[in-house]
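User: I would like to learn how to read a few features of a protein structure. Please take them one by one.

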Amino acid sequence: MSLSPHSESVIVSRLRAVGCVFAEDEARLLVAAARTPAELAALVDRRVAGLPLEHVLGWAEFHGLRIAVDPGVFVPRRRTAFLADRAIALTRAALTRITLARTPPASHERAVVVDLCCGSGAVGAAILAATPDRVELHAADIEPAAVRCARRNLGARGTVHEGDLYAPLPATLRGRVDVLVANAPYVPTDAIELMPPEARLHEPHVTLDGGADGLDVQRRVAAGAGRWLAPGGHLLVETGEHQAPATLELFTRHGLDSRIVTSDELSATVVIGTRPGDGSPRRR
Ligand SMILES: C[S@@+](CC[C@H](N)C(=O)[O-])C[C@H]1O[C@@H](n2cnc3c(N)ncnc32)[C@H](O)[C@@H]1O
C-alpha cells in the first residue's frame with residue numbers, strides 16, 4: 001500500500017509514543033504489509049497495543065530467510081543466527097565425512113539433523129537453506145502452535161514431530177543423528193518478569209522458562225543426547241553467557257567432549273558437545 005508522507009509520520013509518532021525504538025522501520029514494514037487502509041489501521045493498533053512486530057506481520061527475518069511466526073509462537077532472535085551458523089558448519093563437516101567414508105565417495109548420502117525445541121523451525125530452515133538436498137531434517141516441539149508453524153516453514157523438506165523433547169522422534173533415528181541442535185528455553189523463572197513485555201506477555205512461558213537456574217530443559221536435552229547422536233555427532237545448545245560453564249558441565253557429565261563458542265557481534269553463546277568416535281563407517 002502507498003501512503004502520504006503525512007499519514008506515515010502519524011504512524012511513526014504513534015509507534016514512538018509507545019516506545020518503539022525503530023518506529024520508522026516498523027512503520028514502513030506495516031505499510032508494506034497492509035492491502036487496505038482498514039488493514040493498516042488494524043495492524044498499527046495491534047502493534048501499539050504491544051504485540052511483537054513479528055506477530056503483527058506474521059513473519060520474522062532470520063538468517064536471511066522470512067520465517068512465518070504465528071501468535072503464541074516464539075519469535076526467533078537475531079543472536080540465534082550464531083547457533084544456526086555453527087550447526088551449518090558442523091552439518092557440512094558431517095557431509096564431507098559421510099561422503100568420504102564410502103568407497104567410491106558417496107555424494108548422495110544425507111546428514112541427519114534434528115532441531116529440538118524447534119519453535120517456528122527457524123534454525124532447521126536455515127540449515128536446510130544452506131545445505132540443499134543433503135539433509136534429512138527432523139524438528140520437534142511440545143507446543144501445537146509451534147509445530148503447525150514449523151510445518152509451514154519447513155514444508156516437505158523437514159518432518160516436524162509434536163511432543164516432549166525426544167519422545168516423539170522416530171526410534172529409527174537412535175544413534176544416527178549427526179547434528180542435534182536445541183535452542184531450549186533457558187531463562188531462569190525469576191528472570192522472566194524482567195523481560196520486555198513483548199516476550200513476557202506474548203510468548204508462552206513454556207518457550208522461555210528454564211526453571212530455577214534456567215537449565216532444567218538443557219539438563220534433559222544433555223541427558224538424552226547420547227542415545228540419539230551418531231558416534232562423532234554433535235549437540236549444540238544456545239545458552240546464556242553466565243550459564244555457559246554450567247551447560248558445559250552438563251554436557252561433559254553425559255560423556256560429550258564439549259566446548260563453549262561465542263559471538264561478540266551477536267552477543268551469543270553456544271555450547272557444543274561431541275559424542276566420542278569418528279562416525280565412520282556409516283551404520284545406516
Ligand atoms: C526459546 S524457544 C526456541 C524456538 C526456536 N528453536 C528458535 O530458536 O526460534 C524454545 C522452544 O522450546 C519449546 N519447548 C519447551 N519445552 C519443551 C519440551 N519439553 N519439549 C519440546 N519442546 C519444548 C517451546 O515450545 C519453544 O518453542
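**Reading the fold, a helix and a ligand shell**

Analyst: Start with contacts, where two residues count if their C-beta atoms, placed from the backbone, lie within 7 Å. In the protein chain, among contacts between residues at least 6 apart in sequence, 63% join residues at least 24 apart. This is a predicted model: local features need pLDDT of at least 70, side-chain atom pairs count only at pLDDT 80 or more, and totals for chains, interfaces and linings use all residues. Residues are numbered from 1 along each chain as its sequence is written.

User: How is burial read, and what percentage of the 284 residues is buried?

Analyst: A residue is buried if 20 or more other C-beta atoms lie within 10 Å of its own, exposed if 12 or fewer, and partly exposed in between, with C-beta atoms placed from the backbone. Buried residues make up 42% of the 284 in the protein chain.

User: Which residues are buried in helix H2?

Analyst: An α-helix has 3.6 residues a turn, so residues three or four places apart point the same way. Helices are DSSP runs (H or I, at least four residues), numbered from the N terminus. In H2, residues 23-33, the buried ones are Glu26, Ala27 and Leu30. Seen down the axis of H2, its buried residues fall within an arc of 100 degrees (directions from the helix axis to the C-beta atoms), so they line one face of the helix.

User: Which residues come nearest the ligand?

Analyst: A residue is near a molecule if its C-beta atom, placed from the backbone, lies within 6 Å of it. Of the 21 residues around the ligand, Pro76, Cys117, Gly119, Ile142 and Asn183 come nearest.

User: Where do the domains lie in the protein chain?

Analyst: Domain bounds come from an automatic or database domain assignment. That assignment gives domain 1 (5-49) and domain 2 (80-274). Their centres, taken over C-alpha atoms, are separated by 35 Å.

How values were computed: Helices (H or I, at least four residues) and strands (E, at least two) are DSSP runs, numbered from the N terminus.
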